[in-house]
Amino acid sequence: MRYLVTFKATAQPAGPPPADLMEAIFKLGQEATEAGVLLDNSGLAPSSEGARVEVSGGRLTVSDGPFAEAKELISYALYEVRSKEEVVEWTTRFVKLHRDLWPGWEGESDVLRLFGPEDFAPPA
């Protein structure tokens, strides 16, 4: 099963992330890659560099960032694992690194299963 994990910051101390946090993130990513479960991951630029495309009332609107949400989407990871429990374990380890190595940082991750061909009935 494939899962998309999004990572959002809700409170972030001033300044860049600590070097030991970045090193720990790299090591965890390397471990997940070597285990064959991490397919892709990346940090995301601030929403001020993005755009939103929206349909409402039959009308298409394009808005430049930043977006008003209090939670800034800062990264994602794409996993292929045997179970939801396995991806939650990898995600928990990632979030714990932030808690333990960056005092004052707060955030959350969403773990979302991706549909695959097995989720759809064959054409009749």
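Predicted model: local features only at pLDDT ≥ 70, side-chain atom pairs only at ≥ 80, totals over all residues.
Visitor: Why is helix 1 called roughly antiparallel to helix 2?

Guide: The axes of helix 1 (residues 19-34) and helix 2 (residues 84-101) come within 10 Å and cross at roughly 170 degrees. Axes are lines fitted to C-alpha atoms, for helices over the stretch in contact, and angles run from 0 to 180 degrees between N-to-C directions. Angles under 35 degrees count as roughly parallel, over 145 as roughly antiparallel, 65 to 115 as roughly perpendicular and the rest as oblique, and the crossing therefore makes helix 1 roughly antiparallel to helix 2. Helices (H or I, at least four residues) and strands (E, at least two) are DSSP runs, numbered from the N terminus.

Visitor: Which residues make the contact between these helices?

Guide: Contact means heavy atoms within 4.5 Å, and the residues involved include L21, I25 and L28 of helix 1, with F94, L97 and H98 among those of helix 2.

Visitor: Why does H98 count as buried?

Guide: Buried means under 20% relative accessible area, exposed over 50%, and partly exposed in between (1.4 Å probe, protein chains only); H98 has 4% relative accessibility and so counts as buried. Leaving aside neighbours within four places in sequence, H98 is in contact with F7, L21, I25 and W105.

Visitor: What makes E34 exposed?

Guide: E34, which lies in helix 1, has 64% relative accessibility and therefore counts as exposed.

Visitor: How do you know that D110 forms a salt bridge with K8?

Guide: A salt bridge is a side-chain nitrogen of Lys or Arg within 4 Å of a carboxyl oxygen of Asp or Glu, and the closest N and O atoms of D110 and K8 are 2.6 Å apart, so the pair meets the definition. K8 is buried, at 18% relative accessible area, whereas D110, at 30%, counts as partly exposed.

Visitor: How many salt bridges are found in the whole structure?

Guide: The search finds six, including one between R113 and D119, whose closest N and O atoms are 3.2 Å apart, and one between D100 and R99, with a corresponding distance of 2.7 Å.

Visitor: Why do strand 2 and strand 6 count as edges of the sheet?

Guide: Four strands form an open sheet in the order 2-5-1-6, with antiparallel pairing. Strand 2 (38-43) and strand 6 each have a single partner strand, so one side of each is left without a neighbour in the sheet. The twist averages 15 degrees from one strand to the next.

Visitor: How do you know that strand 1 pairs with strand 5?

Guide: Two strands pair if DSSP finds at least two bridges between them, and eight bridges join strand 1 to strand 5, which run antiparallel. Within this pairing, R2 stands opposite E80 in strand 5.

Note on methods
Residues numbered from 1 in each chain as written. Heavy atoms only, no water.
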